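Visitor: Please take me through this model. For each label, I want the value and the cut-off behind it.

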Amino acid sequence: MDFLNKAIEEKYIPKVIFRYDLRQFRNDKYSKDVEILRSDTDKKGRILLALILNQYRQDVASKNGINLKPVILFKAQRTIAQSEENKEFFHELVDKLSKKDIQEIKRKTDIQEIKKAFQFFESQDITEDILIQKIKINFTKNKCISMNDDKTLEENQILINTLEKSDNQIRAIFTVQKLN
């Protein structure tokens, strides 16, 4: 693999007009910061953490008069089939989401951002039932999209390119490698 990367680099070096790497792009504030939180929980736990954090960000923004619709990207490791399985698992989890699920995450988490989310929910009188209702509304099937092959990528390119528009309802994207 290193040989292949080296060959590609040697082929394109003479064609480089100006070097502007991702780090500089982000430092110049042309890109959003991506924050990665690590967790040793199972797939269900990681999805629940993402949903809770997503709802927390939306609610904090709303409280401060900001219209924000955070979007979650679920990326499968290897195959389209895995991505589709993840999407089915996700929808089943959201459909069956219970107070017990929320309480378990709240009890087990050691992630500060998630702890802050639960403190915020309590301070705003957002009960577990209300949180579940918000998640179920925000992540219905019609607000989730798969981007796993060239056909769906082409069909949904406008949706993906307009995620920040207020009339775009997409809240979750499932993919393998198409959006790298």
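Visitor: Which residues form one aromatic cluster?

Guide: Y56, F118, F120 and F121 form it. First, the ground rules. This is a predicted model, in which local features need pLDDT of at least 70 and side-chain atom pairs pLDDT 80 or more, while totals for chains, interfaces and linings use all residues. Numbering starts from 1 along each chain as its sequence is written, and side-chain values use heavy atoms, leaving out hydrogens and water.

Visitor: How many aromatic pairs does a search of the whole structure find?

Guide: Eight. One of them is Y56 with F121. Rings of Phe, Tyr and Trp (its six-membered ring) pair if their centres lie within 6.5 Å; planes under 30 degrees apart are stacked, over 60 edge-to-face, the rest tilted.

Visitor: Why is the pair of Y56 and F121 called edge-to-face?

Guide: The centres are 6.4 Å apart and the planes stand at 85 degrees. The distance passes the limit for a pair, and the angle is over the edge-to-face cut-off.

Visitor: What makes this pair a tie between separate parts of the sequence?

Guide: Y56 belongs to helix α3 (residues 43-63) and F121 to helix α6 (residues 112-123), so the pair ties together parts 65 residues apart in sequence. Helices here are DSSP runs (H or I, at least four residues), strands are E runs of at least two, and both are numbered from the N terminus.

Visitor: What about the rings of F120 and F121?

Guide: Their centres lie 6.3 Å apart and their planes are at 65 degrees, so this pair is edge-to-face as well.

Visitor: How do you know that Y56 is buried?

Guide: Its relative accessibility is 11%. Buried means under 20% relative accessible area, exposed means over 50%, and partly exposed lies in between (1.4 Å probe, protein chains only). So Y56 counts as buried. F121, at 2%, is buried too. F120 is also buried.

Visitor: How much of the protein is buried?

Guide: Buried residues make up 35% of the 180 residues.

Visitor: How many salt bridges are there?

Guide: The count is eight. The rule asks for a side-chain nitrogen of Lys or Arg within 4 Å of a carboxyl oxygen of Asp or Glu.

Visitor: What makes K99 and D129 a salt bridge?

Guide: Their side chains meet at 3.9 Å, N to O. That is inside the limit, so the label holds.

Visitor: Where do K99 and D129 lie?

Guide: K99 is in helix α5 (residues 99-108) and D129 in helix α7, so this pair links distant parts of the chain, 30 residues apart. Both are partly exposed: K99 at 37%, D129 at 47%.

Visitor: Why does E128 have no salt bridge?

Guide: E128 is buried, and the nearest side chain of opposite charge, K99, is 4.4 Å away. For charge, Lys and Arg are positive, Asp and Glu negative; His and the chain ends are left out.

Visitor: Which side chain makes a polar contact with E128?

Guide: Q103, at 2.9 Å. A polar contact needs N or O atoms within 3.5 Å; within protein, one must be able to donate a hydrogen and the other to accept it, and residues adjacent in sequence count only if both atoms are side-chain atoms. E128 itself lies in helix α7 (residues 128-138).

Visitor: Which residues does E128 touch, not counting those up to four places away in sequence?

Guide: K99, I102 and Q103. Contact means heavy atoms within 4.5 Å.

Visitor: What makes K43 a charge over the ring of F89?

Guide: The charged end of K43 sits 4.6 Å from the ring centre. The rule wants NZ of Lys or CZ of Arg within 6 Å of the centre and within 35 degrees of the ring normal.
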